[in-house]
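This report goes through selected features of the structure shown below. The sequence can be kept at hand while reading.

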Amino acid sequence: MEESNYHWADLAAEKVIEEFKGNKLFVCAAGITPSGTVHIGNFREVITVYLVSKALMDKGKKVRFIYSWDDYDRLRKIPKNLPKQELLKKYLGKPTVDTPDPYGCHKNYAEHLEKEFEKELPKVDIHPEFLYQSKKYRKCEYADQIKYVLSKRDEVKVILDKYREEKLEDDWFPLNVFCEKCGTDETKVTDYDGEYTIKYKCKCGYENSIDFRKKGIVKLPWRLDWGMRWEYEGVNFEPGGKEHSTPGGSRDTAKEIFEKLYPEKKVPIYMMYDYIIVKGIGGKMSSSLGNVINLKDALEIYEPSVLRWIFTSTRPNTEFAISFDMDVLKIYEDFDKCERIYFDKEEIKNEKERDKQKRIYELSCIKVPKKIPKQHTFRHLTTLLQIYEMDVDKTVKKFKIKNKERVICAKNWIEKYAPEELKFKVVGKVKAKITKEYKEALLELANRLEKKNYNEQELFNEFYEICNKFNLKNTEFFKAAYNVLINKDKGPRLAGFILAIGKNRVIKLLKQLK
Ligand SMILES: [Zn+2]
């Protein structure tokens with residue numbers, strides 16, 4: 001099949017099947033160090049792996065989707081958004097799993113960040129199997145893997161040195177040790193017996209000799225750890241962020257080392273995923289500054305299926321912006337359009353494009369509905385909500401809306417991110433001063449509204465007729481109407497707006513002009 005009309009997740013799935021022919025089970029992996037808030041950029045990795053797993057399952061394959069928390073990594077730096085900075089500083093160089101939770105609600109720093117994210121993922125119907133590296137290392141689960149890597153020290157060093165300006169020292173060992181006395185990894189391996197025993201010396205002065213089958217205080221450095229796990233878990237697919245994907249970067253090195261150490265095994269299929277920009281939160285998203293948007297924030301304004309759709313409809317290797325500004329309206333519109341295409345309610349000439357859109361919809365929906373749901377545009381919902389004083393239940397009931405989730409998102413969006421120009425409140429008492437000629441025209445409108453039930457188009461036509469009759473400019477007429485209703489010069493499209501407010505409420509307001 002041609003690449004252009006085929007969804008990227010299906011393409012990746014086919015590559016995986018092709019590369020690992022004969023596999024009964026396919027392992028798809030994601031992972032991250034819980035070093036700071038797990039943000040929406042990190043979510044891209046998870047959903048990328050999820051979609052490829054789903055594509056494999058849709059082809060009838062059995063899949064294991066694993067998510068590794070690298071919580072045995074050292075605390076490198078402290079994100080500025082976290083409380084208790086002084087306390088945390090004392091833990092630099094120690095495993096994140098041994099660092100206290102600055103919020104005080106979890107067992108440790110790592111667990112706080114992990115649980116925060118794990119709690120949100122089911123909301124987008126993503127359920128990986130979580131693995132905790134700290135547990136595995138501490139249980140000495142990788143002792144034999146570590147021994148094997150140590151036996152290949154010279155080969156590993158040659159590869160790593162190729163990408164380093166300063167060569168590794170001759171007595172370097174591919175192993176990090178957490179000191180038993182001070183807990184940091186400011187240590188150096190000083191001897192190795194070729195089996196399971198190493199000697200180490202710490203900056204703090206402590207030294208000891210340990211058997212790493214019995215003491216889980218060692219871990220492999222990152223690029224080696226990565227490949228070791230591909231081998232250990234039998235990983236067939238694992239993407240990586242842009243920062244790992246540069247030539248000679250960590251993915252390249254991990255791959256080269258893997259090929260050297262496990263020549264009989266195949267490297268997992270790779271996919272680079274790009275960064276995500278956040279639009280409309282004021283200021284740039286930055287992990288070190290701590291002003292990040294996480295999955296929870298995104299789900300406050302995007303329904304789960306719509307959020308999934310954003311990622312599903314974009315190739316992982318393209319940078320994109322997730323919006324919190326006016327573009328939110330457009331994103332919902334685009335999702336609704338995709339939904340109409342799926343249900344053949346929207347004409348689309350290009351057959352290949354249509355198939356692609358249908359596949360995107362299928363992959364985005366948590367559950368594909370049997371028939372097209374009644375669509376309420378996000379923009380319209382923001383209007384309805386504001387007419388009903390932001391009361392979700394009232395709005396849902398009044399307009400018989402099935403998709404309450406979207407109404408809640410619209411409410412959150414108005415309250416947190418919507419620009420002022422979009423906000424309004426229907427007045428109880430008319431405050432605006434209206435000139436005599438426009439007063440007359442608006443009272444005429446009140447009369448006509450009393451006499452007839454209009455649909456939107458008819459009412460719209462009526463505005464022009466009234467303007468003609470009184471010889472008024474229609475732009476000024478609209479302006480006057482908005483001033484009466486919401487005390488602003490602009491507002492939602494007037495005809496629909498009047499009908500949504502309810503003509504009786506509008507007539508009452510207009511009659512205050514008498
Ligand atoms: Zn020490």
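Lysine 188 has lysine 201 of strand 6 as its bridge partner. The model is a predicted one. Strand 5 and strand 6 run antiparallel and are joined by five bridges.

These strands belong to an open sheet of three strands, ordered 5-6-7, with antiparallel pairing. Strand 5 and strand 7 are the edge strands, each pairing on one side only. On average, neighbouring strands of this sheet are turned by 30° against each other, direction ignored. Strands of a sheet pair through backbone hydrogen bonds, parallel or antiparallel.

## The zinc site

Which residues coordinate the zinc ion? The donors are the SG atoms of Cys179, Cys182, Cys202 and Cys204, at 2.2 to 2.4 Å. The angles that the four donor atoms subtend around the zinc ion are 101 to 119°. Four donors count as tetrahedral if all angles lie between 85 and 135 degrees, so the arrangement at the zinc ion is tetrahedral. For four tetrahedral donors the ideal angle is 109.5 degrees.

Along the sequence, the donor residues follow the spacing C-x2-C-x19-C-x1-C. Cysteine 182 sits in the loop between strand 4 (176-177) and strand 5 (187-192), and cysteine 204 in the loop between strand 6 (197-202) and strand 7 (207-211); the pair therefore ties together parts that are 22 residues apart in sequence. Cysteine 182 is partly exposed, with a relative accessibility of 24%. Cysteine 204 is partly exposed as well, at 39%.

## Helix 7

Helix 7 spans residues 153-162, and its buried residues are Val156, Lys157, Ile159, Leu160 and Asp161. Which helices are among the elements that cover the buried residues of helix 7? The cover includes helix 8 (222-233) and helix 9 (250-261).

## Two residues with positive phi

Glutamate 389 is not a glycine, yet has a positive phi of about 50°. This glutamate lies in the loop between helix 14 (378-387) and helix 15 (392-398). Is glutamate 389 buried or partly exposed? Its relative accessible area is 43%, and because buried means under 20% and exposed over 50%, glutamate 389 counts as partly exposed.

Asparagine 487 also has a positive phi, of about 60°, although it is not a glycine. Asparagine 487 is placed in the loop between helix 19 (474-486) and helix 20 (494-501). With 36% relative accessibility, asparagine 487 is partly exposed.

Technical notes: Residues numbered from 1 in each chain as written. Predicted model: local features only at pLDDT ≥ 70, side-chain atom pairs only at ≥ 80, totals over all residues. Heavy atoms only, no water. Helix = DSSP H or I, 4+ residues; strand = E, 2+ residues; numbered from the N terminus. Buried < 20%, exposed > 50% of the residue type's maximum accessible area, 1.4 Å probe, protein only. Donors = N, O, S within 2.8 Å, 3.2 Å for Na, K, Ca; no water. Tetrahedral: all angles 85-135°; square planar, octahedral: opposite > 155°, others 65-115°. Contact = heavy atoms within 4.5 Å. Pairing = 2+ DSSP bridges. Axes fitted to C-alpha atoms, helices over the stretch in contact; angles between N-to-C directions.
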